[in-house]
Amino acid sequence: MNHQVSHSAQNEDVPHSENARRQFFLKVAGAGAGLALAPSLLLQQVAHAKTADQAVSKEVRWGMLIDTSKCAQGCDDCVKACSEGNGLTGHGRPETDVQWVRKVTVKDKQTGKVTSLPLMCQHCEHPPCVDVCPTGASFKRDNGIVLVDKHICIGCRYCMMACPYKARSFVHEVVEDQKAHAPRGKGTVESCTFCVHKLDQGEQPVCATACGEDAMLFGDLNDPDSALSKRLQQVSSTQLRADMELNPGVRYQGL
Amino acid sequence: MKITYSELKGKSPGFFIVLGVLAAIAAIGLGSAYYMEHEGHHVTGMSNQIVWGLPHIFALFLIVAASGILNVASIGTVFGKKAYKPLGRLSGLMAITMLAGGLAILVLDLGRPDRLVVAMTTYNFKSIFSWNIYLYNGFLLIVGVYLWMMMERKMQKYYPYAGFVAFIWRLILTTGTGSIFGFLVAREAYDTAILAPLFVLLSFALGMAVFLLYIIIAFQSCDRPLGDGLLQRMKKLLGIFVASVFYFVVVYHLTNLYLTNQHAFEAFILLNGGIYTFLFWVGYILIGTIAPLAIFYHPTFGQTRHAVTLGSALILVGGWSLLYVIIIGGQAFPLEIFPGKEVIESSFFDGVVASYAPSLWEFLLGMAGIAIALIATVLGTRILPFMPDTLDDAVVNPQAD
């Protein structure tokens, strides 16, 4: 691309003196470099979108801060958006229907403070589900997202035994009307993917965008300049079951 | 007198009736496995809260018993107790068949049993489950070689070595089975190393009880003599095993009772857990521990064959109850996701005791595993000389070292 740009420029404006020639060269080189760098700078801005053949990077670690003071009891916009966005249809059987994100309301035993919050896969740095999976179907992407490889999950449910957050669901029934971006299958285990298909296109998870109160701040934990990192530096946040030292990617404010 | 072995004749109507009934149970169980697989697991009692159910109780029961059954051979080979040596062949055979029955249940309960080949070829070596696949397959192979060396005259000089390897392997195997639970950091019932030795001792007790029941029934059915002296000797050892399991169960619960954050879980199992409390106190403690010990060591009744049969059967009930309490009870108790807080609302059953009502399908699959193990045992003894012609006390000399 650089090459073409410099050629066309040369044809339009042919310099005569040596000085002018040097200035022209510097301008063309600058423009070329700018053109070359522009897309990558642009990509940085839109949440590290990547092309399909580009590998995910360890330099990014996706995470989320949930401000529980903004999360209204009784509101389940994030849950609905998740179900719709990922094609999760229930069968009216709450004990066996899948749930990738759920609303939980808790009360402090001592103070009586009531808090409502969404709970989903916490995308741990050291995920117990990945440790116990016999086939390696449970895995952590380089960018911190914990996923299930549907091709090699044998449906043993050991990961569900291991998860401290009960974040995983087993698909108990035949799946219909699947979304192309969220392949699912009866007899395998699944959980929140942080809407990985959207992240790869530079977009945000649907729960975060669906939250009318902006209670879910999504971003790159590794980037000190991201809005998420800046907020985490300013406010105190909680990890669920911090005693286990799993370093979850999801943090809660006001819990 | 020299011990001789022979195949079952297998010509009597009784032989075919037994095989026919077992085959029918196995076929019905395989049918229910197909139904569960076809419809999806929502037709079972299992859910996203209780992810392992009745099939896993049956499977672990058989797997744990399998490794324990091999003890009979090990006591003869590794510890040199002559009275146990005639039982070595049958012990090895049953160790293989019981394990096969247990594994059949586990595999058929997978969400994707068709992906067994994936489980056999794709490994995550940090997973204790992966290690167990190696341990189970290795056990089948090692015990197979052990049996071959025991039964093939030319190889007999090597069989003590094979017996030693098999003994060590079986200890590691049951440690691995217990660690499937011991390595689960998130749940109050698990996350403790004591589950490994508890499972090892439980295997000693269940294995010996299963073996005793089998030889009592099989020798009587085949009209082969079985001496009460030998049974009494094995019964005494079984009593020690039962008491040892009890010791580990007591230590497990005492440790939890000392830790304040485990009090709610202990109250659930010991006091207010409904079916789990009932199975613990009545199933495991009363029926599975106190009753068999009282029967075994009763001065008069304890000396009879009925005492051995009854006591062994009660031990199986107790072991089954204990596994139910550990496996299902451990999952039913709610996960502590928010320490210091109580859950007042959740769409996913957070903070409440999970309910579990086993379905008929799960039960039938479990029974199929037992049937498969027994069919393989009966056919094995029909095809090859695993069973001694006589275990009369005059031949075996149960008082021998």
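This section describes strands, loops, domains and interfaces in a predicted model of chains A and B.

In chain A, strand E2 (residues 101-108) and strand E3 (residues 114-120) run antiparallel and are joined by seven bridges. Strand E3(A) is largely enclosed by the rest of the structure, because six of its seven residues are buried.

Strand E1 (residues 62-67) and strand E10 (residues 250-253) of chain A pair in the parallel sense, with four bridges between them. Within this pairing, A:Tyr252 of E10(A) is the bridge partner of A:Ile66.

A:Asp177 has a positive phi of about 55 degrees and is located in the loop between strand E6 (169-170) and strand E7 (189-190) of chain A. With a relative accessible area of 68%, A:Asp177 is over the 50% limit and is therefore classed as exposed. A:Arg241, likewise not a glycine, has a positive phi of about 50 degrees.

Chain B is divided into domain 1 (12-183 + 356-385) and domain 2 (188-333). The contact between them takes 42 residues from domain 1 of chain B and 31 residues from domain 2 of chain B. The centres of the two domains, taken over C-alpha atoms, are separated by 19 Å. Between them, domain 1 of chain B and domain 2 of chain B bury about 3100 Å², with 79% of this area on carbon and sulfur atoms. On the side of domain 1 of chain B, B:Ile57, B:Phe61 and B:Phe181 supply 22% of the area buried against domain 2 of chain B, more than any other three residues. Zero salt bridges are found across this interface between the domains.

The size of an interface is often given as the accessible area lost when the parts come together. For chain A and chain B, the buried area is about 4900 Å², of which 57% is on carbon and sulfur atoms. In chain A, the residues that lose the most area to chain B are A:Tyr158, A:Met161 and A:Lys166, together accounting for 17% of what that side buries. The contact involves 54 residues of chain A and 54 residues of chain B. Four salt bridges are found across the interface of chain A and chain B. One salt bridge between these chains links B:Lys341 to A:Asp108, with the closest N and O atoms 3.5 Å apart.

Terms used:
Residues are numbered from 1 along each chain as its sequence is written. Chains are lettered from A and ligands numbered from 1 in the order in which they are written. This is a predicted model: local features need pLDDT of at least 70, side-chain atom pairs count only at pLDDT 80 or more; totals for chains, interfaces and linings use all residues. Side-chain values use heavy atoms; hydrogens and water are left out. Buried means under 20% relative accessible area, exposed over 50%, partly exposed in between (1.4 Å probe, protein chains only). Helices (H or I, at least four residues) and strands (E, at least two) are DSSP runs, numbered from the N terminus. Two strands pair if DSSP finds at least two bridges between them. Domain bounds come from an automatic or database domain assignment. Contact means heavy atoms within 4.5 Å. Buried area is the accessible area (1.4 Å probe) that two parts lose on being put together, summed over both. A salt bridge is a side-chain nitrogen of Lys or Arg within 4 Å of a carboxyl oxygen of Asp or Glu.
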